[in-house]
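Keep the viewer open as you read.

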Amino acid sequence: MKKLFLISSLLIFFLVPTSSFAQDLIQKNTDEEIAARADEMTKELTYSLGLTAKQALLVEDKLTEFLIYRKEINNSKLSPDEKIERLKTLDNSKFSEMREILTQRQYEMYVKIK
């Protein structure tokens, strides 16, 4: 619980400026490269983890969102150290959100392959 609170707090601190526009980012910045990468990653996870159709849709949406955030961070004018910190926070958030989508067994397998 403390971990979840810490991760949530960090996300609020680091991603608030962009999180309020998450839906717009998904709609405007989902270029073919991001969509293709999210689709490829989802197919790999579907095969590896045995995702249901519903899980696959949720995972693909989350992966698309995280790829967009990653692109925004990498293209920002932040210092290299700030970028690294934000990317670490983003990765922690990804694990946390994937845990909500996956079963316990699937999540354990996900952690092993990531």
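Start at Thr 42: with a relative accessibility of 4%, this residue counts as buried, where buried means under 20% relative accessible area, exposed means over 50% and partly exposed is in between (1.4 Å probe, protein chains only). Thr 42 sits in helix H3. Setting aside neighbours within four places in sequence, Thr 42 is in contact with Leu 51, Ala 56, Val 59, Glu 60 and Leu 63; contact here means heavy atoms within 4.5 Å.

A quick word on ground rules. This is a predicted model, with local features needing pLDDT of at least 70, side-chain atom pairs counting only at pLDDT 80 or more, and totals for chains, interfaces and linings using all residues. Residues are numbered from 1 along each chain as its sequence is written, and side-chain values use heavy atoms, with hydrogens and water left out.

Now zoom out. The protein's secondary structure comes to 6 helices and 0 strands, which reads along the sequence as α-α-α-α-α-α. Helices (H or I, at least four residues) and strands (E, at least two) are DSSP runs, numbered from the N terminus. Of the 114 residues, 32% count as buried. Take contacts between residues at least 6 apart in sequence: 64% of them join residues at least 24 apart.

Back to H3, and how it sits against H4. Two packed helices are described by the angle between their axes and the distance between the axes. H3 and H4 pack at about 135 degrees, with their axes 9 Å apart; the axes are lines fitted to C-alpha atoms, for helices over the stretch in contact, and angles run from 0 to 180 degrees between N-to-C directions. That makes H3 oblique to H4, given that angles under 35 degrees count as roughly parallel, over 145 as roughly antiparallel, 65 to 115 as roughly perpendicular and the rest as oblique. By class, the contact of H3 with H4 has 10 nonpolar, 3 polar and 4 charged residues. For the bookkeeping, Ala, Val, Leu, Ile, Met, Phe, Trp, Tyr, Cys and Pro count as nonpolar, Asp, Glu, Lys and Arg as charged, and the others, Gly among them, as polar.

In the loop between H3 and helix H4 (53-75) you'll find Thr 52. With a relative accessible area of 43%, Thr 52 is partly exposed. Thr 52 and Leu 102 are 50 residues apart along the chain, and their C-alpha atoms are separated by 9.6 Å.

Next, follow H3 (residues 32-49) over to H6: their axes come within 10 Å and cross at roughly 120 degrees. H3 and H6 are therefore oblique to each other, and their crossing is right-handed. Here Leu 45, Ser 48 and Leu 49 in H3 meet Gln 106, Met 109, Tyr 110 and Ile 113 in H6. The residues of this contact divide into 5 nonpolar, 2 polar and no charged.

H6 has another partner in H5 (residues 80-101). The axes of H5 and H6 come within 9 Å and cross at roughly 155 degrees, and the two helices are therefore roughly antiparallel. From H5, Lys 94, Phe 95, Met 98 and Arg 99 meet Gln 104, Tyr 107, Tyr 110 and Val 111 in H6. That contact divides into 5 nonpolar, 1 polar and 2 charged residues. Arg 99 is partly exposed at 45% relative accessibility, and touches Gln 104 and Tyr 107, not counting residues up to four places away in sequence.

Which residues form one aromatic cluster? They are Phe 95, Tyr 107 and Tyr 110. A search of the whole structure finds 2 aromatic pairs. The rings of Tyr 107 and Tyr 110 have centres 6.4 Å apart and planes at 35 degrees, so this pair is tilted. Rings of Phe, Tyr and Trp (its six-membered ring) pair if their centres lie within 6.5 Å, with planes under 30 degrees apart counting as stacked, over 60 as edge-to-face and the rest as tilted. Tyr 107 and Tyr 110 are 3 residues apart in helix H6 (residues 104-113), a separation of about one helical turn, and both are buried.

Note on methods
A crossing is left-handed if the near helix is turned anticlockwise from the far one by less than a right angle, and right-handed if clockwise.
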